[in-house]
Every structure is written in structure tokens, then in C-alpha cells.
Amino acid sequence: MSRTSRRRYYKGDITYEFVNGEAVPKYKDNEMSPKFFHSSTTGALFILLSEWAQAKGRVVIEWAIKLTRNQQDWMPVADVTYISHNRLPADWLLDEACPVALELVIEIISPSQTFGEIAEIATDYLKAGVYRVWVVDTKARTVTVFAPSSLPITYRSHQIITDDLLPRLEITPHAIFQQAGLP
């Protein structure tokens, strides 16, 4: 495992991630992550994107991705990912990390994280070749879309998220949070 990989592992009731050679507990200020809003939003995104992705690609929860960051191997584990069959064929069935950069990585802000921290990670994903990164904020009920050639765009309520990279996908933050059962 490289020095900059990020892997989750468990010891007792505590979840850790391996970050820059150190085991870091996913625990900050008496807040364990992820919690209900994070988990239910992950499920909602999986359901909504899987319906859209049928015959186009695959949607996966917490799948490690083989990338390079700062000229070193990096293996982040995103909350939700999408990769088309054009980038990774439908008959690819290996039990390993995703070997190519994805079209879409979705990170949901946990209670112990700030938007700024996740925005920095989104920038790292883009620099590593990921085409789009969505940062989902369950408190603000927003989705911020990061792309390599434009400034981030934040979507609220009934604003429709569309993208030429994701043909015929039309989704709103409202639909995501409604599917998650969040008010």
C-alpha cells in the first residue's frame, strides 16, 4: 500500500482510514462518521443513479480508485462512483480497485468534515483525471459540481443538474434528499 493511499479499516467500534501512512480515526469532536443523513443520502444516490445508468455503466458505493496524486499512488474510497462501459467494459469483473479514472465521483460531507476539506479533495480528484466530482452537503441540501475546466456550480432545491458527460441524467438536490427521506 502506498504512503498516500486511503483505506478504511475497523478496530472495535472505531473506523479508521489509512491516510499518508497513518491510521486516522474517522472521529472528530465526539462525532463518528458517517451518520444517518450521510448513509441515507448515499443510498438515495445509488438508487437514482443506478436507474439512469442501466446499460450505460456502473454505479458503486465505496469503491477504491487507483489514481495518482502529487506523483504518488493514491487510492481514495469515494462514497459513490459512476463509470461508463466505454471507460470500463461491462464484462470487467475483477474484485479489485477501479483501474481507471471515473466519470463521476460523489463525496458526501460527513459531520466531522467541512466543505473546504472536501472541496480540496474534489480538486485532487480532478487533477488525478476524474471528470466530475459532486460534493453533497446534507445540511445545506446542496450539490456542488466540480469540473476541470470551470468553476464549481452549486445546485439547490429544484435546480436540475445536467451534464453532457452524463447524457440524459436530470436530477435535482430535492429529488436526492427526498429519496433519502430527509426533510
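Helices and strands here are runs assigned by DSSP, numbered from the N terminus. The model is predicted.

**The sheet**

Six strands form an open sheet. Their order is S6-S9-S10-S11-S12-S13, and the pairing is mixed. Strand S6 (57-61) and strand S13 (150-156) stand at the edges. Each has a single partner strand, so one side of each is left without a neighbour in the sheet. On average, neighbouring strands of this sheet are turned by 15° against each other, direction ignored.

Look at S10 and S11. These strands pair in the parallel sense, over five bridges. Which residue of S11 is the bridge partner of Ile106? The partner is Trp134.

Helix H2 lies across S10, S11 and strand S12. The helix runs at about 165° to S11.

| Element | Residues |
|---|---|
| Strand S10 | 104-108 |
| Strand S11 | 132-137 |
| Strand S12 | 142-147 |
| Helix H2 | 115-127 |

**Thr68**

Now turn to Thr68. This residue lies in strand S7, residues 67-69. Is Thr68 buried, exposed or partly exposed? Its relative accessible area is 44%. Buried means under 20% and exposed means over 50%. Thr68 therefore counts as partly exposed.

What does Thr68 touch, leaving aside its neighbours within four places in sequence? Thr68 is in contact with Trp74 and Ala128. Tyr125 is 57 residues from Thr68 in sequence. In space, the two are 9.1 Å apart, C-alpha to C-alpha.

Methods
Residues are numbered from 1 along each chain as its sequence is written. This is a predicted model: local features need pLDDT of at least 70, side-chain atom pairs count only at pLDDT 80 or more; totals for chains, interfaces and linings use all residues. Side-chain values use heavy atoms; hydrogens and water are left out. Two strands pair if DSSP finds at least two bridges between them. Helices (H or I, at least four residues) and strands (E, at least two) are DSSP runs, numbered from the N terminus. Axes are lines fitted to C-alpha atoms, for helices over the stretch in contact, and angles run from 0 to 180 degrees between N-to-C directions. Contact means heavy atoms within 4.5 Å. Buried means under 20% relative accessible area, exposed over 50%, partly exposed in between (1.4 Å probe, protein chains only).
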